[in-house]
Amino acid sequence: MVVTTTAVAFILLGLGLGLCGWWFLKAFNGKKTDINQRKDKVGLLLSTFLFLSGAQNGMIGLGSLLFSTNQSALFFTLILSEVLLILSVLFGVYSVYYIFFPKLFSRSALYVFTFLGYLLILLSFIFRSQAIITPEKDISWVMNPLVAVLTLFFVLTSIGSFIFIFSQLFLKGPTSGIKTLSGALAVLGFAGLTNVCMRFATFIGFQNDFHSIEISMGLIAVGIIIVLFSAPHLRRLPT
């Protein structure tokens, strides 16, 4: 077992998102939003989206921590994290439609994402990715370009849904607590988006501008902020 910045970053991020998911599940208990008058699924959808996002990041973190020198175990950890990523995207896209645009909902969008998800898993098995531990104790993945582009597509869709949902809840949430935490998550979502773009830039060859260790340290900062920001809200969980 080798402790890497990648493992620490994703474990912290997964923990923070999981804590926020638990808080939103309780916070939306029986409350309506100003966006629409639905209240039966909003809390459940938001918490499931956050739990899946947290589990996906936590899976990468724990896999990187426990199997950093075991390529086979790391590969199957990556596959499981991709499955969780696909599920989080499906819940994120469905949540956007259900909460904000219920009249525009179409199953065809979910079918497209499901098909692309199956394609990502299939390509991941055909073109197996390899993990490399850098001298700075960071994990860098060597991926086939098709796998990398599809993974980036799902990650950007997940983060895009995340930013849209929580920026809207910041503006229209039913309570001040929901608005405050949603606003913080929306801002941190933009930070995560920047982090992902920088990581992908290193993948396509801009290593001279920034390095994976710096990107992981930025992700660690995002994870710590989410954990610290959600903790006070957990102590004031609504009953």
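Me: At what angle do helix α2 and helix α3 pack in this predicted model?
Reply: Helix α2 covers residues 42-66, and helix α3 covers residues 71-100. Their axes lie 9 Å apart. The angle at which the two helices pack is about 160°.

Me: Are α2 and α3 roughly parallel or roughly antiparallel to each other?
Reply: The packing angle of α2 and α3 is about 160°. Angles over 145 degrees count as roughly antiparallel. The two helices, α2 and α3, are therefore roughly antiparallel.

Me: How many nonpolar residues does the contact of α2 with α3 have?
Reply: In this contact, α2 passes α3 in a left-handed crossing. By class, the contact of α2 with α3 has no charged residues and ten polar ones. Its nonpolar residues number 17.

Me: Is the crossing of α1 and α2 left-handed or right-handed?
Reply: Helix α1 comprises residues 5-27, and its axis comes within 7 Å of that of α2. The axes cross at roughly 160°, and α1 and α2 are therefore roughly antiparallel to each other. The crossing of α1 and α2 is left-handed.

Me: Which helix gives the most to the lining of the largest cavity?
Reply: The structure holds one cavity of 30 Å³ or more, and about 40 Å³ of space lies in the largest cavity. The lining is formed by I60, S64, L74, T77, L78, S81 and W141. Helices α2 and α3 each supply at least two residues of this lining. The helix that gives the most, with four residues, is α3.

How values were computed: Residues are numbered from 1 along each chain as its sequence is written. This is a predicted model: local features need pLDDT of at least 70, side-chain atom pairs count only at pLDDT 80 or more; totals for chains, interfaces and linings use all residues. Side-chain values use heavy atoms; hydrogens and water are left out. Axes are lines fitted to C-alpha atoms, for helices over the stretch in contact, and angles run from 0 to 180 degrees between N-to-C directions. Angles under 35 degrees count as roughly parallel, over 145 as roughly antiparallel, 65 to 115 as roughly perpendicular and the rest as oblique. A crossing is left-handed if the near helix is turned anticlockwise from the far one by less than a right angle, and right-handed if clockwise. Ala, Val, Leu, Ile, Met, Phe, Trp, Tyr, Cys and Pro count as nonpolar, Asp, Glu, Lys and Arg as charged, and the others, Gly among them, as polar. On a 1 Å grid over the protein atoms alone, a cavity is a set of points where a 1.4 Å probe fits but cannot get out, and a pocket is an open set with protein on both sides within 12 Å along at least five of seven lines; lining residues have an atom within 4 Å of a point. Grid points are joined across faces, edges and corners, and a volume is the space filled by probe spheres set on the points.
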